[in-house]
Amino acid sequence: MIRSFPALALIAALAGCALPQSTAKPPAIPVPQLTIVEAVPPDARCRAVGRIGRRDMQAAPMSIEPRKLGFPVEVTCEAPGYLTTTETLYPRPLPDVLSTAKDRLPISPMADLAPAAGAPATSQVPYRLIVPLRGALFATAADRTAFYDALIGDRLARWTALQHQAEAECSNPAVSRAGSSSTSPPELCRRAYNWLRELRDVDLRKLEIDRRRATFR
């Protein structure tokens, strides 16, 4: 028996309605979380090498995506008249500086504590990393002393700010009652402070080595 065309069209339309409609949304594309790399002097060229990826040498400032490169990321910068200088970018201290330090995890003193622009507060990616290059050639010993004294002062200020941040977090009542006394902070705070001092001392020793490597015209 031959069906009429209208009947066939109706059957096809009904069959189409019976098919399930897909409601799945395409997977969201991860938003890049970028760290801005700034160098001193500003005309330096930098490269970034992470655990799983790298960014080749280019002029600073530059932006890197540490999650794609893989923490830790070594950012190395070069400029005429300066020693090649590397700063290591570690994940942001989460959930706070105190917890990170008490667990003896590495911290980047030249990285901002704030997360990358547009990233959530739980992001491991710092907003910025500054790479201050070490001077290599000076006219006089006094010039070298002045340069490195300023550099040391800046590093000390960074470590002191981290220490103060840890102390502020230790003053939280939930923490300060955990093993504190009238004369000393809780044990977890003492561990954190000691670790920050160890990191600071290692950092400053590296700076002193570079100071001794610097020469005169």
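Modeller: Helices are DSSP runs of H or I with at least four residues, strands are runs of E with at least two, and both are numbered from the N terminus. This is a predicted model, in which local features need pLDDT of at least 70 and side-chain atom pairs count only at pLDDT 80 or more, while totals for chains, interfaces and linings use all residues. Residues are numbered from 1 along each chain as its sequence is written, and side-chain values use heavy atoms, with hydrogens and water left out.

Biologist: Where is proline 41?

Modeller: Proline 41 sits in the loop between strand 1 and strand 2 (45-49). A cis peptide bond joins valine 40 to proline 41, with omega about 10°. Another cis bond runs from alanine 60 to proline 61, with omega near 0°. Proline 61 is in the loop between strand 3 (54-59) and strand 4.

Biologist: What is the order of the three strands in the open sheet?

Modeller: Two strands pair if DSSP finds at least two bridges between them. Here the order is 4-1-8, with mixed pairing. Strand 4 (62-64) and strand 8 (128-132) are at the edges; each has a single partner strand, so one side of each lacks a neighbour in the sheet. Strand 1 (residues 35-40) and strand 4 run antiparallel, joined by three bridges. Threonine 35 is opposite isoleucine 64 of strand 4.

Biologist: Which residues have the most contacts inside the largest nonpolar core?

Modeller: In soluble globular proteins, nonpolar side chains tend to be buried together. A nonpolar core is a set of buried Ala, Val, Leu, Ile, Met, Phe, Trp, Tyr and Cys residues joined through side-chain atoms within 4.5 Å. Buried means under 20% relative accessible area, exposed over 50%, partly exposed in between (1.4 Å probe, protein chains only). The largest core has 24 residues, and Cys46, Ile64, Val75 and Cys77 have the most contacts inside it. Strands 1, 2, 4, 5 (73-78) and 8 each give two or more residues to this core. A second, separate core of 15 residues includes Ala166, Val175, Ala192 and Tyr193.

Biologist: What span does helix 6 reach from its first C-alpha to its last?

Modeller: The expected span is 1.5 Å times one less than the number of residues. Helix 6 (residues 187-213) has 27 residues and reaches 40 Å, close to the 39 Å expected.

Biologist: Which residues of helix 6 are buried?

Modeller: An α-helix has 3.6 residues a turn, so residues three or four places apart point the same way. The buried residues of helix 6 include Ala192, Trp195, Leu196, Leu199, Asp203, Leu207 and Asp210.
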